[in-house]
Amino acid sequence: MISLWALPIVAIMVSLSVAESSRLSGRPKRHDVQRIPSIQVEREVLILAAAALSRDPEAQLPSWRSSNPNGHCSWGGVHCNDEGRVDMLDVYGKGLAGRIPSSLTSLTSLGTLNAKNNHLTGGIPSEIGVMSGLHSLDLGNNSLSGTIPASLSNCHQLELLALDNNQLSGTIPPELGAMGGLYDIYLNANQLSGSIPAELSSLHFMLNIYLNDNRLTGTIPSELSQVHIEEFDVARNHLTGNITAQLEAMGWMGHDALEVLEWHPQFV
């Protein structure tokens with residue numbers, strides 16, 4: 001199996017070879033050193049990711065291999081923008097296993113990452129915050145553990161955050177409230193604890209928020225009444241207080257816009 005630690009070496013070797021070529025030819029080297037490795041390294045990132053995550057790369061990600069003469073933009077599940085940079089990875093239900101390689105965060109043009117329904121383990125790389133162009137992140141239905149990185153708040157263009165059905169623990173980062181474009185949050189079916197952050201009220205146009213089947217405590221923040229929510233689910237948590245009274249005070253009871261509003265009667 002190829003080690004992911006080889007990636008920085010690959011990047012350095014490519015950069016050095018380009019720099020040496022530029023020196024010998026007398027051409028300006030700054031543009032070349034920045035541009036050429038960006039495409040070649042992205043190909044290496046995919047090859048190494050396939051080797052690290054695939055139990056059987058030939059069957060699961062058959063085109064993600066160094067022997068493939070075709071450009072990586074034509075590989076299965078890979079989409080590139082007009083500049084040849086990877087902007088979408090869709091490996092839904094490929095049976096992948098192992099830790100998410102932090103090297104994937106070097107795909108700086110990535111807008112969509114769909115790795116739902118796999119067997120991924122370990123934590124979500126904290127480096128994910130450098131992917132400022134990310135607008136859709138779906139890692140649901142895996143076996144991810146650890147906490148939700150607060151660095152996700154740096155992904156200001158994120159619209160969908162789906163981390164449901166994993167083994168994530170810790171609290172919901174209040175920093176998520178800084179993600180002004182976030183419309184849908186799926187954090188259900190994890191082991192999250194603590195209270196529901198009042199900072200989520202900064203997401204004024206949120207449509208769906210699923211926090212059910214966790215270990216959340218406290219009350220529903222009254223500040224959420226400022227948010228346009230269509231679907232809201234906090235069932236099977238450990239919320240306290242009179243939930244009905246809280247919802248009435250927020251003006252949510254009988255609100256036609258709320259299609260889903262659940263809580264477990266045991267915890268009312």
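The questions and answers below concern a predicted model.

User: Which handedness does the disulfide of Cys73 and Cys80 have?
Analyst: The structure holds 1 disulfide. Cys73 and Cys80 form this bond, with their sulfur atoms 2.1 Å apart. The torsion about the S-S bond is about -90 degrees, so the disulfide is left-handed.

User: Is Cys73 buried, partly exposed or exposed?
Analyst: The limits are under 20% relative accessible area for buried and over 50% for exposed, with partly exposed in between. Cys80, at 11%, counts as buried. Cys73 has 31% relative accessibility and therefore counts as partly exposed.

User: What is the relative accessibility of Cys155, and in which class does that put the residue?
Analyst: A residue is buried when its relative accessible area is under 20%. Cys155 falls in the buried class, because its relative accessibility is 0%.

User: How far is the backbone nitrogen of Gly76 from a polar atom of the side chain of Ser63?
Analyst: Ser63 sits in the loop between helix H3 (57-60) and strand S1 (78-80), and at 17% relative accessibility it counts as buried. Ser63 and Gly76 are 13 residues apart in sequence, with a C-alpha to C-alpha distance of 6.4 Å. Not counting residues up to four places away in sequence, Ser63 touches Asn68, Trp75 and Gly76. The distance from the Gly76 backbone nitrogen to the polar side-chain atom of Ser63 is 3.0 Å.

User: Which residue in the hairpin of S1 and S2 takes a positive phi?
Analyst: S1 and strand S2 (residues 86-90) run antiparallel and are joined by 3 bridges. Val78 stands opposite Leu89 in S2. The hairpin has 5 residues between the strands, and the positive phi, near 80 degrees, belongs to Gly84.

User: Which residue in S4 stands opposite Met88?
Analyst: S2 is joined by 3 bridges to strand S4 (residues 112-114), and the two run parallel. The residue in S4 opposite Met88 is Thr112.

User: With which residues is Ser136 in contact, leaving aside its neighbours within four places in sequence?
Analyst: Ser136 belongs to strand S6 (residues 136-138). With a relative accessible area of 16%, Ser136 is buried. Its contacts beyond those neighbours are Gly111, Thr112, Leu113, Leu158 and Leu160.

User: Which strands stand at the edges of the open sheet of 3 strands?
Analyst: The order in this sheet is S9-S11-S13, with parallel pairing. Each edge strand has a single partner strand, so one side of each is left without a neighbour in the sheet; the edge strands are S9 (193-194) and S13 (238-239).

User: What is the bridge partner of Gly194 in S11?
Analyst: S9 and strand S11 (residues 215-218) run parallel, joined by 2 bridges. In S11, Gly194 has as its bridge partner Leu216.

User: Where is Asn117, and what is its phi?
Analyst: Asn117 lies in the loop between S4 and strand S5 (119-121). Its relative accessibility of 26% makes it partly exposed. Asn117 is a residue other than glycine, yet its phi is positive, near 60 degrees.

User: What is the phi of Asp213?
Analyst: Asp213 is placed in the loop between strand S10 (208-210) and S11. At 28% relative accessibility, Asp213 counts as partly exposed. Although Asp213 is not a glycine, its phi is positive, at about 60 degrees.

Technical notes
Residues numbered from 1 in each chain as written. Predicted model: local features only at pLDDT ≥ 70, side-chain atom pairs only at ≥ 80, totals over all residues. Heavy atoms only, no water. Disulfide = S-S within 2.5 Å. Buried < 20%, exposed > 50% of the residue type's maximum accessible area, 1.4 Å probe, protein only. Helix = DSSP H or I, 4+ residues; strand = E, 2+ residues; numbered from the N terminus. Contact = heavy atoms within 4.5 Å. Polar contact = N/O pair within 3.5 Å; in protein donor to acceptor, adjacent residues only side chain to side chain. Pairing = 2+ DSSP bridges.
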